[in-house]
Amino acid sequence: MQAPFDFQTLFELSPNPYMLLDRELRYVTANSAYLRVTASRLENLVGRTPFDAFPHDPDDPANASTRMLRDSFRRVLTERVPDTLAIIPYRVPRQTDGGVVLEERYWSATHTPLLDGRGEVAFILQHTMDVTELHQLKQAVRGPETSLDGGGPRTQLMSGVLARAQAVQEANRVLDDERRHLRRLFEQAPGFMCSLKGPEHVFELANRSYLQLVGHRDLLGKTVREALPEVAGQGFFELLDRVFTTGEPFVGHNMGLQLQREPGGPLVEAFLDFVYQPVIEADGSVSGIFVQGHDMTAQKRAEDELSRHREHLEELVRERTRALEESEAERRQAEAALLQAQKMEAVGKLTGGVAHDFNNLLQVVSGNLQLLQRDTVGDTRAQRRLETALGAVERGARLASQLLAFARRQPLAPTALSLGRLVRDMDDLLRRALGEDVEVETVIAGGLWNTSVDRNQLENVILNLAINARDAMDGRGKLTIEAGNAMLDDHYAMMHPEVTAGQYVLLAISDTGAGMTPEVMQRAFEPFFTTKPEGRGTGLGLSMVYGFVKQSGGHVKIYSELGHGTSIKIYLPRTFQAAAQPAEAGTGPVEGGTETILVVEDDAAVRATVVEVLTELGYRVLKAHDGQSALAVIQSGLPVDLLFTDVVMPGPVRSPELARLAKAHLPDIEVLFTSGYTENAIVHGGRLDPGVSLLSKPYRREDLARKIRVLLRGREQRLAAKPYRAPTPTPAPVETKANGALRILLVEDDADIRESASELMTDLGHTVLAVESAEAASEALAKDAFDLLFTDVTLPGKSGVVLAREAVRLYPALRIIIASGDSRAVSAEDGKALERVVLLPKPYDLNQMERALEQAAMDVGSSARTRSA
């Protein structure tokens, strides 16, 4: 059945004044009773604040009445609870017979918050009562002019009534203050508190700490099961039921509670100390439960952490006690390990020191043998001897590589890989190397992690260990290769100081051979130590494995028992990178090219061999003996497609700096490093720097050709991907002779630039005589006839400009090209004197040089010039 009145009607018909404010204290609405007592119209109030609509004292906006009203509104907004003003004087308009007058009235006001769905104050409802007459009566009773003679008993009665009203009002004021004080204490209490009513445990009150504990949510008026559904099944609702039923309090200490503090969020664990205190009425019945407690989560976690540290410390103490009991043996072991480390470090330094020169020698031998092979095609006897010699070179190179591996000085190029996939890919190779009498079993664990190592070096390690195992089994037995995940903990790292605790990928290679004695195990990783018969082993296999694993950040351990076989376990650090696809090895035909390569090598024999090999492959080759000379060639403007430089060179310009400057000057240049020992120039932390290409010495002609071709193909692809620019049209060359060749006198004091420029001009079909000074050029001009003088400005004696002026004066038909890095090097007077001079700014490239020669050639006659004395 529908109610005869809705709430709006009740609001309007109420005889008590009501008005509604929003959070900004602006009028939303007011009922008729409020409009009557304020002599106002609703449309004049909506959207304004009471302080704007009814200023108590326009001359003093911060007066006491205004402050009282503002403070009451602020308390409602802050505390979200009703607030009462027992009495407040406030000036408002009033309708009288004589019209609307402004007079001060006394009011008793109650401000009630209306909350939104989030528990925030959305509106404030004000209920007011005009108590002006009551206040005036009270003042009259207090006034000294009040007399009881005229009134008799009635006056005394009225005085008594007013006195009681005053007492009640004062009591209400005191109670109101006490209520506010208790409310503040409840809200600001450091522990959490709430009040639950009835057997359903309905929330009546909850302070800020409680709301912070459970996550700010709407609690008031809801049962605990409705407000905290995630607590079901944790035993707390049952405890509340028991306390309400029995009337006996419950005290909990460090009790765990799972709460969902964010809507849809995960459960968060909290630990609480709390009391469920039953609220007992006068008749002994239980009407509710008062909850009070403290969140002990942080303290509980700190205690747990302290307990773990204490247990760990106790374990360390026990461990240290055991260690102290074996201190003498540990000291001897430490001394032996130190001596072993010093011995291996000394061998490593010696190895690194001789590797560079040794590999350079091997490179000279290898390069010349390969050149001889091309010269002796068809001579079977010579070819057989050369093959034997090249085999010896390769064995020497492997020996040097193993020494560098042991010394942890080989340049590694690690990539992320799957150890299981690598082992499976090597299956056919291992079976062919081990023979049919060796059974090979591979065990790859599921969910195997990836590791980051040099793929080629790891394949060599596996093959080396497999062959060692075959020899230990005399060619007959079982070889087991296992790959799995492993964790080396702090305890293991403490027992093995060279190990860093963490996650590793384990590679275990086990055999059923003769095993090792403890003495052999102790020396197994030493270089040149072997138990094989003389001539059957170098003693570098296991030492190479040891050095590679250590350089890769891993750990290697030998487990062996005489007569029961050996197991070598290699721990390689785990990586979270995805496994990379292995690069395909260069097996295609050997190809050359026509690009320009700058060879930088301080060893003259090595340089000569490399230049000859590259020239045979068809490349145009420039050469330099150190970084400074190479940099001069780069800056001269000569076109260079690839820089092939040794890593270790004398002089102030080191190879990495040379590569950086070359890239800055020629952004499209490719750089290929070569070395027999890289030191720390392009290798840091045992690993090649990112983006570095290295060809280790000694290398074969085929390896060099393939490596250079790969880099130059990459360069071609980059250039092809760039936006196309139409070339600047150049005039067609004018032939000065039947074959278009010029007789050129080149004057350049820098030997490398002189040699490179001379080669380029010769390649263009010209005849070139290159000299290093103006004085030598004058002598040459006096002896031979030349079509063109190509001179640098800055020469050790007189300058190139002076030389040109003298040459033109003596030989008027001579054409001049002056190369200079400074456009102001030729003055205006020189320009007039040298009418047919061509200025070529440095740095210049091949096209610029060719255009300058063509421009100078336009004025050269078809016949030889006539010399004048």
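Let's start with Arg225: at 36% relative accessibility, this residue counts as partly exposed. What does its side chain meet in a salt bridge? The partner is Asp241, with N and O 2.9 Å apart. Keep in mind that you're looking at a predicted model.

**Salt bridges**

- Arg225 sits in helix H8 (residues 224-227) and Asp241 in helix H9 (residues 236-246), so this pair, 16 residues apart, links distant parts of the chain.
- Asp241 is partly exposed too, because its relative accessibility is 28%, which falls between the 20% and 50% cut-offs.
- Across the whole structure, a search turns up 31 salt bridges.
- Another of them joins Arg431 to Asp427, whose closest N and O atoms are 2.8 Å apart.

**A nonpolar patch on the surface**

- Leu313, Leu316, Val317, Met494 and Met495 make up this patch, and together they have about 450 Å² of accessible area.
- Helix H10 (297-325) and helix H16 (490-495) each supply at least two of the patch residues, and the largest share, three residues, comes from H10.
- Met494 belongs to helix H16 and is partly exposed, at 42% relative accessible area.

- Is Thr609 buried or exposed? With 5% relative accessibility, Thr609 counts as buried.
- You'll find Thr609 in helix H19 (residues 604-616), where its side chain reaches the backbone oxygen of Ala605 at 2.9 Å.
- Thr517 is in the loop between strand S15 (502-511) and helix H17 (518-523), and is partly exposed with a relative accessible area of 24%.
- Thr517 and Leu562 are 45 residues apart along the chain, yet 5.8 Å separates their C-alpha atoms.

- The chain has a mean pLDDT of 79, and 78% of its residues reach 70 or more.
- Residues 1-5 have pLDDT below 50, and this stretch has two contacts beyond near neighbours in sequence.
- Residues 145-150 also stay under 50, with five contacts beyond four places in sequence.

Terms used. Residues numbered from 1 in each chain as written. Predicted model: local features only at pLDDT ≥ 70, side-chain atom pairs only at ≥ 80, totals over all residues. Heavy atoms only, no water. Patch = residues over 30% accessible without salt bridge, like charges linked within 9 Å, V, L, I, M, F, W, Y side chains within 5 Å. Areas by Shrake-Rupley, 256 points an atom, 1.4 Å probe, with all protein chains shown as cover. Salt bridge = Lys/Arg side-chain N within 4 Å of Asp/Glu carboxyl O. Helix = DSSP H or I, 4+ residues; strand = E, 2+ residues; numbered from the N terminus. Buried < 20%, exposed > 50% of the residue type's maximum accessible area, 1.4 Å probe, protein only. pLDDT = per-residue confidence, 0-100. Contact = heavy atoms within 4.5 Å. Polar contact = N/O pair within 3.5 Å; in protein donor to acceptor, adjacent residues only side chain to side chain.
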